[in-house]
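Please read this briefing alongside the sequence and the coordinates.

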Amino acid sequence: MTTPDDEQARRKIRGALGVAEPEPGLRSRVITSMPIDLGFGGSRRQWAAGGVAIVPALAVVASLVVARHGGTSPQSASELKVVGTLNMTTQVGFRCTLPVVGYLTQARISFPDGGVAVDRTLDPAQVKPFAFTYAGGRWLPVPPPWVSPDGRAYAYTTTTSGVPGKQATSAVFVHDVATGKARELWSGDNSGQVLGWGPGGVYFNRQGSSQPGPIGSELWVVDPANPAGAHRVGPNPPQSQASDPAVQPTYKTFVRIAGGAAWAVTFGKPAAPSPTYVAAPGTIDRMDLRDGSVSTWYTAPDGVSVSMVGADAQGHPVLFLNAFPKGMGPSAASSGTVSTPYLPPPPEVLLLTGPNQTHTIASGSDSAFRPSLVLTDSHGMWFSSPGSLWLYRNGELTKVADVPAELFPTPTPPPGAAGKGNLAPGSPAPGFPVGVTLSLAGACT
Amino acid sequence: MADVAAAELVDQAKAGDRGAFDALVGPVIDPAFRLAFGMLHDREAAEDAVQEAAFRAWRSLGNLRPGTEMRPWFLAIVANQCRSTLRGRWHKVLKLSGLGTPSQGVEDPVVRGADLRRAIRQLKHDQRLALVLHFYLDLSLEEVAAITRAPVGTVKSRIHRAVVRLRPQLEAEEVFG
């Protein structure tokens, strides 16, 4: 029986909590997100392997993984096997599946449990694309920015640059995932490189040669629906002069499309090789895709190189700042050409929210956090560091899991290739975290 | 029948039939979301909790006896998930950043309810759950008892204690309301 007091309490509590009608698609999303197709099965016995035990992966991978070739077709339920789990260090509190590539293994990690299901192991004898994206239930041989927003196509470029006896030319293609057919959208002189998709279609870098002065790349766009209308975007390359007399004209190139803008990075070029060489400050410039206006958003301090590795959900750049010792340029520091063992400090990670406005994601003080990759989705920003996965969410960076090395076996180089290829990791400097750095191949969905 | 686990549907869902799982759990998703929202006061966290609860339900199908009432069974899983969420690290961050922020705009009654929401958050889990199920989802005391697996008398007592603890905020609402 309801009393007047109850009714009053009910009314006030409802008023305080507000109306909570679920989104119309919630039921569908919840049902389709069940990992039924991942072969986890409904039985508790089968799940126990994913929740507790780390399966000795080399043997299991060899016996369970179904190797597939030339596969961009969707995976069927029977082809995926759980080979083990990540060592979860944080309860993420949401459910999704994150596609990753570790060395030659394409896999999907289910959260919150960290179960690793292998899609396939690539053949080391075949040429491996430098990046993959998992979209629409398929593995695509390109990095995520090259895949169209609807996941139905991806863009790529071909170039004759570097081919002996050939003049540099390039062409932009769009590949229809469903039909498997590629269509040439544009071709021209000089080398080019796809950056990503934006409001005008496919944006790509084209090595500029038409203007005197500072060298740099031009930003072009081609609309797949109207390839004939391909054109250069804005008054670029953005002009800039080196402020340091020891440094020759700077080289500016676009690196990413995000938040309605094209983002460019400046590299300093030394006048001549010198032990006292100090790189020019790196800058991050923003070109508005609507009007082509250019503004500098960030200038790195002396002794620090800056790179843009991704963007947040609003299109704000994620920057890595890497300090290098005096007398050593960033390229020397990273290539290990110095004689004494060098352990570079972890990068400082910043979110660039406006001109000269940054928010610190990582201060560079945690020696275990040495990210090289970032991917943004609805859960936050995922970072991949050697041997671990991290997530920046609600203003907090947290290590989500350690990645057991045995889940992503180090490939054995083919005979005679030892020391030549990059299939296996090199020896890190003492103190550097070890383990596989997973490539993040798409949103956690 | 839609609210009851039929043996055939359970078997089909256990075999990986998504449609069968939808037939079992789908109808309870909306009330599950309302429960999670009432407990967590955050739309995204509520959706995550429902998704996680659905996954746990799917994993627990083997323990489900035919004829079990789906609604209390699934809402109990959601309630447990909400308890886990409230204990979790991300929710603490979320709570700090969104403290006192209404999720549904800034209509006056909602803004004024900030104190009451905060007080509800500070209730013990059992009291908060009983309160939300009875007053927010409008479930009967018997249904609340089935979900919380407690006698009706215990449910009554929890609700009573919760209302007593909220009385200052409820009365303050009266002044403004």
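The points below are grouped by topic.

This is a predicted model, in which local features need pLDDT of at least 70, side-chain atom pairs count only at pLDDT 80 or more, and totals for chains, interfaces and linings use all residues. Residues are numbered from 1 along each chain as its sequence is written, and chains are lettered from A and ligands numbered from 1 in the order in which they are written.

**Chain A overall**
- Chain A has five helices and 27 strands; helices (H or I, at least four residues) and strands (E, at least two) are DSSP runs, numbered from the N terminus.
- Of its 445 residues, 41% are buried, meaning that 20 or more other C-beta atoms, placed from the backbone, lie within 10 Å of the residue's own.
- Among contacts (C-beta atoms, placed from the backbone, within 7 Å) between residues at least 6 apart in sequence, 50% join residues at least 24 apart.

**G84(A)**
- G84(A) belongs to strand β1 (residues 81-85) of chain A.
- G84(A) is buried, having 22 other C-beta atoms within 10 Å.
- The C-alpha atoms of G84(A) and A117(A) are 7.6 Å apart, with 33 residues of separation in sequence.

**Sheet and hairpin in chain A**
- An open sheet is formed by four strands in the order β11-β12-β13-β14 (chain A), with antiparallel pairing; two strands pair if DSSP finds at least two bridges between them.
- Its edge strands, each pairing on one side only, are β11 (192-198) and β14 (226-232) of chain A.
- From one strand to the next, the twist averages 25°.
- β11(A) is joined to antiparallel β12 (residues 201-207) of chain A by six bridges, and G196(A) stands opposite Y203(A) in β12(A).
- Elsewhere, β17 (residues 283-288) and β18 (residues 294-299) of chain A run antiparallel and share five bridges, with D285(A) opposite T296(A) in β18(A).
- β17(A) and β18(A) form a hairpin with five residues between them, and G292(A) in the turn has a positive phi of about 75°.

**Helices of chain B**
- Helices α3 (residues 29-40) and α5 (residues 70-87) of chain B pack at an angle of about 30°, their axes 10 Å apart.
- α3(B) is therefore roughly parallel to α5(B), a term for angles under 35 degrees.
- Residues of α3(B) including L35(B) and M39(B) meet residues of α5(B), among them V78(B) and C82(B).
- In helix α8 (residues 114-121) of chain B, the buried residues are L116(B), R117(B) and I120(B).
- These buried residues of α8(B) fall within an arc of 100° seen down the axis, so they line one face of the helix.

Methods: A residue is buried if 20 or more other C-beta atoms lie within 10 Å of its own, exposed if 12 or fewer, and partly exposed in between; C-beta atoms are placed from the backbone. The arc is that of the directions from the helix axis to the C-beta atoms. Two residues are in contact if their C-beta atoms, placed from the backbone, lie within 7 Å. Axes are lines fitted to C-alpha atoms, for helices over the stretch in contact, and angles run from 0 to 180 degrees between N-to-C directions. Angles under 35 degrees count as roughly parallel, over 145 as roughly antiparallel, 65 to 115 as roughly perpendicular and the rest as oblique.
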